[in-house]
Amino acid sequence: STQSTGEAELKKYKANIVKEIRHNQQLEKELNEMDIKIGLLVKNRLTLQDVVTASKKLKGREVTKSRGLKELSKESREMLESYQHLFYLLQTNPNYLAKLLFTMPQNNCTKFMETVVLTIYNYGTNTREECLLIRLFRHALREEIQRKVDKVQDISTGSPTVIKIVVGYYRGAQGNQNSLKSLLGPLIEQVMEDKELNMNIHPPEVYKAWISRMESETGQASQLPYDVTPEQALKHKEVTDEIERERKREKERKRR
């Protein structure tokens with residue numbers, strides 16, 4: 001059918017894009033190495049022959065052919081199988097990569113995601129790998145929230161790493177913006193339409209909201225301090241009751 005033909009062509013185009021991305025990344029790496037060699041040559045720390053050899057290698061990449069799996073030795077095949085098992089484990093259990101993203105310097109996190117993680121998931125070029133990549137995004141976002149987010153405002157003011165990575169991925173050529181819209185659109189609309197939803201249960205914020213309600217109801221300024229610590233806020237039963245009510249409401253929403 002026309003639809004299946006179109007899907008096959010789209011899959012082919014995605015595969016070509018991934019191939020070109022990998023090719024460009026490899027060329028960029030080799031060009032960087034060439035720059036270093038030229039710099040060393042200028043400083044008389046490398047012979048001219050080393051630079052010429054590296055240049056020929058770079059020019060000859062287009063015509064270099066793979067020997068194929070049949071010519072691999074037994075040890076190489078076993079190593080290849082081990083890597084296949086490793087990549088399968090990393091793909092299907094996103095906890096490893098999700099935690100790894102936050103054990104490295106954050107200035108390297110985005111580059112690591114682009115050059116390593118997306119390659120492991122083949123840039124989400126088919127349905128299976130796109131699904132697994134989305135699972136990784138979910139686990140990584142949960143990991144970042146647990147490590148860095150103390151209150152809801154931190155998500156919008158703290159420039160979360162995972163959100164930047166996800167947005168960058170779906171804005172790029174490899175991302176499928178329609179799938180992101182179909183996945184998140186209904187959930188965002190559901191949150192926007194829920195008038196009773198209160199995602200901010202940080203004790204000091206709940207405390208301030210309680211103080212404001214009391215002052216509105218009585219028409220008098222409260223004698224209680226306005227700025228308190230989480231421990232001080234939780235000493236008030238009204239605050240703990242409100243937090244518990246909101247948690248119960250959230251559990252009910254998840255069951256729907």
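View 1. Ile 163 lies in helix H8; helices (H or I, at least four residues) and strands (E, at least two) are DSSP runs, numbered from the N terminus. This is a predicted model, where local features need pLDDT of at least 70, side-chain atom pairs count only at pLDDT 80 or more, and totals for chains, interfaces and linings use all residues. Residues are numbered from 1 along each chain as its sequence is written, and side-chain values use heavy atoms, with hydrogens and water left out. Ile 163 counts as partly exposed because its relative accessibility is 32%. Buried means under 20% relative accessible area, exposed over 50%, partly exposed in between (1.4 Å probe, protein chains only). Leu 141, Ile 145, Ile 155, Ile 163 and Val 167 form a nonpolar patch with about 320 Å² of accessible area together. H6 and helix H8 (161-171) each give two or more residues to the patch. Patches take residues with over 30% relative accessible area and no salt bridge; like charges are joined within 9 Å, nonpolar side chains (Val, Leu, Ile, Met, Phe, Trp, Tyr) within 5 Å. Areas come from the Shrake-Rupley method with a 1.4 Å probe; for residues, only the protein chains shown count as cover.

**View 2. His 139 in helix H6.** His 139 is found in H6 (residues 127-148). His 139 counts as buried because its relative accessibility is 13%. Leaving out residues up to four places away in sequence, His 139 touches Pro 94, Asn 95 and Ala 98 (contact: heavy atoms within 4.5 Å). Other buried residues of H6 include Leu 132, Leu 136 and Phe 137.

**View 3. Arg 147 and Glu 143.** Arg 147 forms a salt bridge with Glu 143, the closest N and O atoms being 2.7 Å apart. A salt bridge is a side-chain nitrogen of Lys or Arg within 4 Å of a carboxyl oxygen of Asp or Glu. The two residues are separated by about one helical turn, because they are four residues apart in helix H6. Arg 147 is partly exposed at 45%, whereas Glu 143 is buried at 10%.

**View 4. Lys 208 and Asp 227.** Their side chains meet in a salt bridge (3.5 Å, N to O). The pair links distant parts of the chain, 19 residues apart: Lys 208 sits in helix H10 (residues 203-218), Asp 227 in the loop between H10 and helix H11 (230-233). Asp 227 is exposed, with a relative accessible area of 58%.
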